[in-house]
Amino acid sequence: MKKIYSFLVLSFLINFMSSCKKNEDVIPASTGCTKTVVEVGASIDAETSWDSCHIYHCTNLTNINAALTIEAGVVVKFDAQKGLLVNTGKLTVLGTSDHPVIFTSSKDDSYGGDLNGDGSATTPQKGDWQFISFGTSSNNQLNYCKILYAGYASTGLEQALNMGDGDNNSLKNSVIAHTAGDAAETFAALNMAWCPISSVAQYNTFYDNGHPVTIGISTNFDNSNTFHNPSDASQTNICNGIFVDCVHAHDQASTMTWSETEVAFVLGGWTGNSWAFDISPDKVLVLGDSVVLKFATHNPTPGFSILIPSGDIQIQNHDGPGVFFTAYNDDSLKGDTNGDGPSTSHDGYWAGIYMAGPNWFAWPNILYDDAH
């Protein structure tokens with residue numbers, strides 16, 4: 001009888017470990033370590049570390065009220081509508097390039113095996129779980145992680161990671177993919193709308209999301225991020241751009257730099273935004289070479305505009321090589337940003353860039369505005 005029992009236990013462990021190794025990103029269990037499932041409670045109230053000997057199953061919307069550190073190779077799985085909310089605590093994710101930390105659906109057998117025990121009866125879908133949110137907390141760091149199949153929420157509010165409005169929060173070397181959302185959503189897979197200038201997103205990859213990124217008027221965004229699947233360049237995002245929130249944003253930064261060149265920065269191109277970006281007289285927006293800004297229309301016209309009360313010095317490098325200001329539906333520059341398939345624009349689609357008066361600028365790289 002003992003031999004039969006031992007054989008059954010051994011068979012279970014072999015099968016379980018085999019399923020855990022379906023994806024190379026999952027770190028092998030350490031010597032003498034058998035991977036087991038840890039059921040995560042509704043809150044974390046003492047300093048805690050999650051290690052690669054376990055798979056963490058979130059059956060609650062878990063509040064982080066103390067420091068939580070997640071080591072390389074950890075798999076965290078979420079049930080429907082669940083997620084992580086950083087309250088008075090701090091979240092530190094220490095993945096590596098070989099062994100990232102995985103945040104995914106309970107139905108995703110590719111990481112950590114068949115947690116829900118239904119074989120191939122269920123597969124992961126966009127919006128299977130909710131999100132990770134930093135709230136008002138500071139100094140959260142996510143490095144080398146994958147956030148997959150998140151975005152459950154009421155229509156229009158899909159997010160995988162909300163970086164909140166605390167200081168020094170960061171997302172680096174990570175992937176956000178398969179987030180619920182379409183062309184009508186209000187935020188994005190990565191929501192940085194409230195972030196102060198000290199919070200950054202660098203060297204990340206976004207694909208198969210509705211809108212990949214929302215930033216605010218105190219967000220720097222450099223040219224280190226990727227907006228397509230590295231294994232299939234044709235797989236991008238429905239609305240493949242960086243969407244600027246002028247409504248919910250943090251206090252405007254003194255100097256803000258936008259240098260991403262794969263996709264355009266979009267003003268006014270999503271539900272709930274205002275129709276003007278008023279740059280304060282003492283503020284400066286710095287554009288990198290080959291940066292494109294796109295602007296939404298409005299019914300009635302004239303659509304989106306930028307007010308620069310102190311003149312063109314407030315948009316530095318506005319005449320740099322490859323820099324353009326154009327319409328949201330102009331696919332000739334940076335591709336399909338509004339998710340409607342191939343489209344061209346027309347004069348008068350958006351309002352333009354102006355000083356008080358109004359005195360409208362007529363730079364040669366302003367396309368399809370109301371002045372044309």
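## Basis of the model

The model is predicted; local features need pLDDT of at least 70 and side-chain atom pairs count only at pLDDT 80 or more, whereas totals for chains, interfaces and linings use all residues. Residues are numbered from 1 along each chain as its sequence is written, and side-chain values use heavy atoms, with hydrogens and water left out.

## Overall composition

The chain contains one helix and 31 strands. These elements are DSSP runs numbered from the N terminus, with helices being H or I runs of at least four residues and strands being E runs of at least two. Of the 372 residues, 53% count as buried; buried denotes under 20% relative accessible area, exposed over 50%, and partly exposed the range in between, with a 1.4 Å probe and protein chains only.

Among contacts (heavy atoms within 4.5 Å) with a separation of 6 or more, 66% link residues 24 or more positions apart.

Seven strands form an open sheet with parallel pairing, in the order 1-4-7-10-13-16-19. Its edge strands, each pairing on one side only, are strand 1 (36-40) and strand 19 (205-207). Neighbouring strands of this sheet are turned by 15° against each other on average, direction ignored. For such angles, axes are lines fitted to C-alpha atoms, for helices over the stretch in contact, and values run from 0 to 180 degrees between N-to-C directions. Two strands are taken as paired if DSSP finds at least two bridges between them.

Strand 4 (residues 54-58) and strand 7 (residues 75-78) run parallel and are joined by four bridges, with His57 opposite Lys77. Strand 7 also pairs with strand 10 in the parallel sense over four bridges, and here Lys77 stands opposite Thr104. Strand 10 (residues 101-105) is mostly covered, five of its five residues being buried. Three bridges connect strand 10 to strand 13 (residues 145-148) in parallel, where Ile102 has Lys146 as its bridge partner.

Within it, strand 6 (residues 67-71) and strand 9 (residues 90-94) pair in the parallel sense over five bridges; Thr69 has Thr92 as its bridge partner.

## Nonpolar core and cysteines

The largest nonpolar core has 83 residues, and Phe103, Ile147, Phe277 and Phe325 touch the most other members. Such a core is a set of buried Ala, Val, Leu, Ile, Met, Phe, Trp, Tyr and Cys residues joined through side-chain atoms within 4.5 Å. Leaving aside neighbours within four places in sequence, Phe103 contacts Ile70, Val76, Phe78, Leu84, Val93, Trp129, Ile132, Cys145, Lys146, Ile147 and Leu148.

Cys145 is buried, with a relative accessible area of 1%, and Cys58 is buried at 0%. A search of the whole structure finds zero disulfides (pairs of cysteine sulfur atoms within 2.5 Å).
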